[in-house]
Amino acid sequence: MKIDTTCVQGAKDKNNLTGSISVPIYQSAAFAHPAVGKSTGYDYSRTQNPTREALENVVAKLKCAAGAIAFSTGMAAMATLMELFSPGSHIIATDDLYGGSIRLFDKISAKNGLVFDYVDTNDIPAIKSKIKKNTKAIFIETPTNPMMKVTDIAKVAELAENTDILLIVDNTFLTPYLQQPLTLGADIVVHSGTKYLGGHNDTLAGFLAVANAEIGEKLRFIHKTIGACLSPFDSFLIIRGIKTLAIRMEKAQENAKALADWLPRQKKVTKVYYPGTGAMISFSVESEHIACQIIESVKIVMFAESLGGVETLITYPMLQTHADVPNEDRLARGIDEKLLRMSVGIENVEDLIEDLEKAINN
Ligand SMILES: *Cc1c(COP(=O)(O)O)cnc(C)c1O
């Protein structure tokens, strides 16, 4: 089955007796047992719920994974993932990560004894030079947020092959529709479902998907123990979002390509960062004043953090997503007062261009 068909038809309620086309919301915390020692397969919704299970199954199919687990947020998935490691474990991570991931690693995981090194993960010798005896994982985000730096997942996978180093990829930006890290050799994929999978800026969710069922079991045990699981209603909303993932990604990408072509031709735009795929664009303008003017004058494009929804959003990374990153690190990474990031939606691109044109040149 092709991926766009899986998006539309992949979520099935395996308990369906009614012919219901859509997976029902099983809004139940507990499930009655038919007899002593017997279970319907569901006991308590923290452990598993039929709506969440249908969502996890379609996500596993989309990612060519041995299994997938749904969390209440992307960060809940990340925090659960960190419980896989013991104090003293060393993790090498991309040096331009999502701000929330940096905050988790440096403020919480570090306190629990995990040690992090940040490198440009597209520089294979740089990764190699950081590998130590206690290195347990390489954590990649590609393209990065907000500088759109790209890492060759297959090359890093080669490096980690035949070692016990896990290759973990945050695939939030491109989604399984545009990038399949497990197929390229990654062990675990983490995903904020809040973004493109949900796609409508109305639901928070997160996922872990694994290549290997044994790691999947370990993570599922941590998941049910910690309990950051996705509710039945939110599971339903993400299933519904996934149905249109393919056409949303196509349209948003088409719009993003048009904007990536138009933006560099604007006099006040000094640099455009677009990796050639997906619908995220960052760009620099001549001054802080112009950056603020754009944010405050756009009418169709909305000034909001988050990404991956049908609406086009613009953010000011310095003040929003990366506000917690120390100034020096932030500036070293190019995240300054002139940089804006845009999550391109599925509106008519002529309207987006007209809106931005007025905002940039007013
Ligand atoms: C949003 C995001 C996260 C965190 O997900 P939440 O659902 O907001 O908790 C992690 N990684 C990336 C790349 C993101 O964009």
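This is a predicted model: local features need pLDDT of at least 70, side-chain atom pairs count only at pLDDT 80 or more; totals for chains, interfaces and linings use all residues.
Domain bounds, as I use them here, come from an automatic or database domain assignment.

Residues are numbered from 1 along each chain as its sequence is written, and side-chain values use heavy atoms, with hydrogens and water left out.

**Entry: the cores.** I took a nonpolar core as a set of buried Ala, Val, Leu, Ile, Met, Phe, Trp, Tyr and Cys residues joined through side-chain atoms within 4.5 Å. Buried means under 20% relative accessible area, exposed over 50%, and partly exposed in between, with a 1.4 Å probe and protein chains only. The largest nonpolar core has 78 residues, and among those touching the most other members are Leu-55, Leu-167, Ile-242 and Leu-259. Helix 10 (residues 245-262) gives the most to this core, with 8 residues. Helices (H or I, at least four residues) and strands (E, at least two) are DSSP runs, numbered from the N terminus. Both domain 1 and domain 2 give residues to the core, so it lies between them. I also found a second, separate core of 29 residues, including Phe-71 and Leu-97.

**Entry: helix 10 against helix 13.** I checked how helix 10 meets helix 13 (residues 349-361): their axes come within 10 Å and cross at roughly 35°. The axes are lines fitted to C-alpha atoms, for helices over the stretch in contact, and angles run from 0 to 180 degrees between N-to-C directions. From helix 10, Asn-255, Ala-258, Leu-259 and Trp-262 meet residues of helix 13, including Val-349, Leu-352 and Glu-357. Leu-259 also touches Pro-264, Ile-281 and Met-342, among others, not counting residues up to four places away in sequence.

**Entry: Gln-266.** I located Gln-266 in the loop between helix 10 and strand 8 (269-273). Is Gln-266 buried or exposed? Gln-266 counts as buried because its relative accessibility is 12%. Leaving aside neighbours within four places in sequence, Gln-266 is in contact with Glu-357, Ile-360 and Asn-361.

**Entry: helix 11.** In helix 11 (residues 288-297) I listed Ile-290, Ala-291, Gln-293, Ile-294, Ile-295 and Ser-297 as buried. Their cover includes strand 9 (280-285), strand 12 (339-343) and helix 13.

Terms used. Contact means heavy atoms within 4.5 Å.
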